[in-house]
Amino acid sequence: MYSLMHGWHGKLLRVDLSKAKAQTEPIPKAILSSYIGGRGIGVRYLADEVPPEADPLGPGNKIVLATGPLNGTTVPVTGRYAAVSKSPLTGTVFDCNSGGSFGVYLKYCGFDAVIIEGKSPEPVYLHLTPEGASIEGAKGLRGKGVKATTDALREKHGKSARVSCIGPAGENLVLFANIENDYHHALGRGGLGAVLGSKNLKAVVVDAGEKAAQVPTSVAHPDALKVIVQEINKRIQASPMTGKGLKIFGTAQLVNLMNAMGIFPINNFQQGTHPEADKISGDAIIEQIFQSNTACHMCPIACGKLTRTGTGEGKGPEYESVWALGADCGIFDLEAVTNANYACNELGLDTITAGATIACAMELNERGKLPAAWKGVDFGNKDVLLPLIEKIVARDGIGADLALGSKRLAAKYGAPELAMQVKGLEMPAYDPRGALGMALAYATSNRGACHLRAYTVGAELLGLPKIFDRFSFSDKPDLVVKLQNGNAFFDSIVACKFTGMGVPDDYYSRAVSAVTGLEITITEAEHIGERIWNLERLYNNAAGLGRADDALPPRFQNPLQSGASKGHVPPMDIMLNMFYEIRGWTDEGVPRPGTLQRLGLKPLSKEA
Ligand code: SF4
């Protein structure tokens, strides 16, 4: 027996911006137990309510902000929340999750999720309290960056308020605009900031008040939870990665390792290693710009790095940002890369897609594909970074092309093969020729090229939880499926994946069981993750995506010519066939009826 009073509120808030109306409604128990929270609940509501062919920037699209059952408990790394929508960059179902403390304060307001739909005729922001919601005018915030917006709203509503907002990039519908919360935490990929911009929604303020913030989530088995929390904390401290590495060096500690392994992409993935990589490494960040550590709510890992350059200050850069705005553009100047990172954060841009799209433009220019207006957009030219970011945000001149991402840019200038993307989402900082599991993970990710759906780098390079041969392929489809399912569950509870470097997954399924009172074994957790993954696939299938979209750019069929990953290419067709077989999908990548039945899913019609 369990009560839905444990772990969840059982309630969502539906905000219709066209009608300027907000009202609560119950979340059916079957949805909570089958989809858990965060990404899972968001995908379920999106699939039910947004037609797969909807215009992502039209009023028919919706965005779901969702918490999970562990938010507001003592379980470490559970200060996060998820956002789910149809992406304007990829046209696929898309989820992001972000740290800080906004997610917990959203839950303190008494909602498991908020569904935002319609479009306001004027710029507005949403103000949520435990008493309800109001839609407030935001004309005075128009054009403001993330810090100014957050400061203004906290000035008005008090320091206990938490703010999630868009910058000018989201207002101007840049296809890779972020939503940023708590100043410098990002729902960072797929252009969900542009979805808010298309709805004229500048920000969401969660205003639980000081007192409400003291009220924890109800827990079914507090004594059991106490033991599990102690075990998780012990594991976090004992692991070299979560106990030391991330805390001391942050994520950028990966630069030197990936460079040594030959999978650190240089100049738009033309090489996999560079002699100057150390200049933008985690060590360089600590020595030159580090100020102090920062942590998300309930996080003992504290991987965040507050930094300062000669002209600015902020958070990061993280590994992916230092690569995208640095090495991928042939730039190894830490000051320039960090300032570009600050600008992206303040204006509300995804650093990976911003850097990768600039890198794509640099290669187009190198190959003589661009007109004179692009003069100076060259690999290694640090002086173009900030001006290009500003042009992207304003959609000014060549910035209008860049604002659409690399796939559209490269297609416009007659060289689509030079966009390093899958399904329109730019690839992150691991060359898939040096980790064949990542090749399959990128190709089959439901939101486009992403390292967070199945981070096989953990097994292939870091030996977590055990080492796999990074150049083997026959063991990778199984690994990728397992990680995809596990991460879909993890994104639904909603917790930070970095903890997985030190804590086995079953600790978190035990924590969910203790909090909710449901019996969620690791097998059941994987089953729930598989259900979510297949529902996402059904949505993408109904939106017109299939096997042809599960593909890497042609560059990756040619081996790297130097470095420790020289000479390898991923056998994509063979791996894809094995992957579809394990998933129970047809040769075209469509879930078979028996698979759907086993997971309790039904086919989606084009009309949601
Ligand atoms: S490990 Fe880093 S990103 Fe994850 S919750 Fe902790 S501080 Fe946030």
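# Close-up views of a predicted model

**View 1. Surroundings of the ligand.** R80, A295, C296, C299, I301, C303, C496 and F498 surround the ligand; a residue is near a molecule if one of its heavy atoms lies within 4 Å of it. Seven residues of this shell are nonpolar, one is charged and none is polar. In this scheme Ala, Val, Leu, Ile, Met, Phe, Trp, Tyr, Cys and Pro count as nonpolar, Asp, Glu, Lys and Arg as charged, and the others, Gly among them, as polar. The model is predicted: local features need pLDDT of at least 70, side-chain atom pairs count only at pLDDT 80 or more, and totals for chains, interfaces and linings use all residues. Residues are numbered from 1 along each chain as its sequence is written, and side-chain values use heavy atoms, with hydrogens and water left out.

**View 2. D16 in strand β1.** Strand β1 covers residues 11-16 and contains D16; helices (H or I, at least four residues) and strands (E, at least two) are DSSP runs, numbered from the N terminus. D16 has a relative accessible area of 14% and is therefore buried. Buried means under 20% relative accessible area, exposed over 50%, and partly exposed in between, with a 1.4 Å probe and protein chains only. The D16 side chain reaches the backbone nitrogen of K19 at 3.2 Å. Such a polar contact is a pair of N or O atoms within 3.5 Å; within protein, one must be able to donate a hydrogen and the other to accept it, and residues adjacent in sequence count only if both atoms are side-chain atoms. Leaving aside residues up to four places away in sequence, D16 touches K21, E117 and G118, where contact means heavy atoms within 4.5 Å.

**View 3. Packing of helix α18.** Helix α18 spans residues 436-444, and nine of its nine residues are buried. These are L436, G437, M438, A439, L440, A441, Y442, A443 and T444. The buried residues pack against β16 (421-422), α19 (457-460), α20 (476-493), α22 (522-542) and α23 (572-583).

**View 4. The second largest pocket.** This pocket has a volume of about 530 Å³. Of its 26 lining residues, Y183, H184, L306, G314 and K315 are the closest to its centre. On a 1 Å grid over the protein atoms alone, a pocket is an open set of points where a 1.4 Å probe fits, with protein on both sides within 12 Å along at least five of seven lines; lining residues have an atom within 4 Å of a point. Grid points are joined across faces, edges and corners, and the volume is the space filled by probe spheres set on the points. At least two lining residues come from each of α4 (146-157), β9 (162-165), β14 (304-308), β15 (313-315) and α13 (334-347). The largest share, four residues, is from α4. By class, the lining has eight nonpolar, ten polar and eight charged residues.

View 5. Y183, a residue other than glycine, has a positive phi near 75 degrees. Y183 lies in the loop between β10 (179-181) and β11 (185-187) and is partly exposed, at 26% relative accessible area. N200 is not a glycine either, and its phi is positive at about 60 degrees. The loop between α6 (192-198) and β12 (201-206) holds N200, which counts as buried at 17% relative accessibility.

**View 6. Cis peptide bonds.** G316 and P317 are joined by a cis peptide bond with omega of about 15 degrees. P317 sits in the loop between β15 and α12 (319-324). The bond from L464 to P465 is cis, with omega near -5 degrees, and P465 is in the loop between α19 and α20.
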